[in-house]
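Open your viewer and have the selection tool ready. We will go through this structure one stop at a time.

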Amino acid sequence: MQIQGKSVLLTGATGGIGETIAHELSSCGAELTISGRRADVLERIAEQTGASVALADLADRSQLERLLADHSGIDILIANAALPASGPLEDFSVEQIDRALDVNLRAPVMMARELAGPMKARGSGQIVLISSLAGKVATAGSSLYSTTKFALRGFGAGLRADLIGSGVGVSVIFPGFVRDAGMFHESEVELPGYVGTSSPEDVARAVRNAIENDRGEVDVAPLTVRAATKASELAPSLMGAVVRRLGSADFTSEIAERQADKR
Ligand SMILES: NC(=O)c1ccc[n+]([C@@H]2O[C@H](COP(=O)([O-])OP(=O)(O)OC[C@H]3O[C@@H](n4cnc5c(N)ncnc54)[C@H](OP(=O)(O)O)[C@@H]3O)[C@@H](O)[C@H]2O)c1
């Protein structure tokens, strides 16, 4: 799909990766609608990109419904908003668990449900779901986040199969750790040297590539991280033991502590 002139709804546009995606798609000539909860940040990005603004708390069902009713005719959905939802499960209140499930999983499912029908009727559209490599491999402190990100992978693959031949594509993006902006960067945790990172621009380019070439799944990470992810998918117990020996629990618990205010 050509992005030029297409209408795009981007959630999580106020976040580090979302803002970069907004600039990337705006430079391709998209007619952008950017969504998030922070009006001041949305207004700043709108001034820079010419986007329209749609304030919505995706954990609030009536706000989600209104967002969808107002944007039923969009060509491209990018479901990017998410909470880090990191840390041991017992550290979360029931309300915090519900919020993570609502924002990270229920909202993308409902958005795809509402928007795929009109896209199908027009014979064209693209649904892009931002997952994570934590949607392929789970580590200590990722049980809730990985629940949502693994689920997006299955949801996206199944929906893609349902929509084959309709002109509507579904893409799932799997970034690893992202430097310079976004939820991991804001935690200010230093990773061990063997864990490579990607830039927000790498993720934005992957989103653009997925839309233009209808890619089903795209990993965004250095080769070593992608190889370790593949090895973990093939031999989860063995690789789990290896990453534990390398001290992964130390930095994952530090990240969870620093992200606790986002629950
Ligand atoms: N950063 C990484 O290293 C990394 C790695 C892999 C995958 N990802 C994924 O990439 C995507 C973007 O992450 P990021 O790093 O840019 O995160 P971020 O900077 O923390 O931004 C999160 C975005 O989600 C929005 N959001 C959170 N709760 C919301 C709610 N209740 N209603 C509406 N919007 C809500 C925030 O909007 P407001 O602030 O306006 O409320 C913000 O725009 C996420 O899906 C994340 O899981 C990130």
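**First stop: a β-α-β unit**

Select strand 1, helix 1 (residues 16–27) and strand 2: together they make a right-handed β-α-β unit. Right-handed means that, with the strands pointing away from you, the path from the first strand over the helix to the second runs clockwise. Helices (H or I, at least four residues) and strands (E, at least two) are DSSP runs, numbered from the N terminus. What you see is a predicted model: local features need pLDDT of at least 70, side-chain atom pairs count only at pLDDT 80 or more, and totals for chains, interfaces and linings use all residues. Residues are numbered from 1 along each chain as its sequence is written.

**Strand 1 and its partners**

Now show strand 1 (residues 7–10) beside strand 2 (residues 31–36); the two run parallel and are joined by four bridges. Pick Ser 7 and you can find its bridge partner, Glu 31, in strand 2.

Select the seven strands: they form an open sheet in the order 3-2-1-4-5-6-7, with parallel pairing. Two strands pair if DSSP finds at least two bridges between them. Strand 3 (52–55) and strand 7 (217–220) stand at the edges with a single partner strand each, so one side of each has no neighbour in the sheet. On average, neighbouring strands of this sheet are turned by 15° against each other, direction ignored. Axes are lines fitted to C-alpha atoms, for helices over the stretch in contact, and angles run from 0 to 180 degrees between N-to-C directions.

Bring in helix 4 (residues 94–122), which packs on the sheet and touches strand 4, strand 5 (125–130) and strand 6 (168–175). Its direction makes about 170° with that of strand 4. Residues are in contact if their C-beta atoms, placed from the backbone, lie within 7 Å.

Methods:
Two residues are in contact if their C-beta atoms, placed from the backbone, lie within 7 Å.
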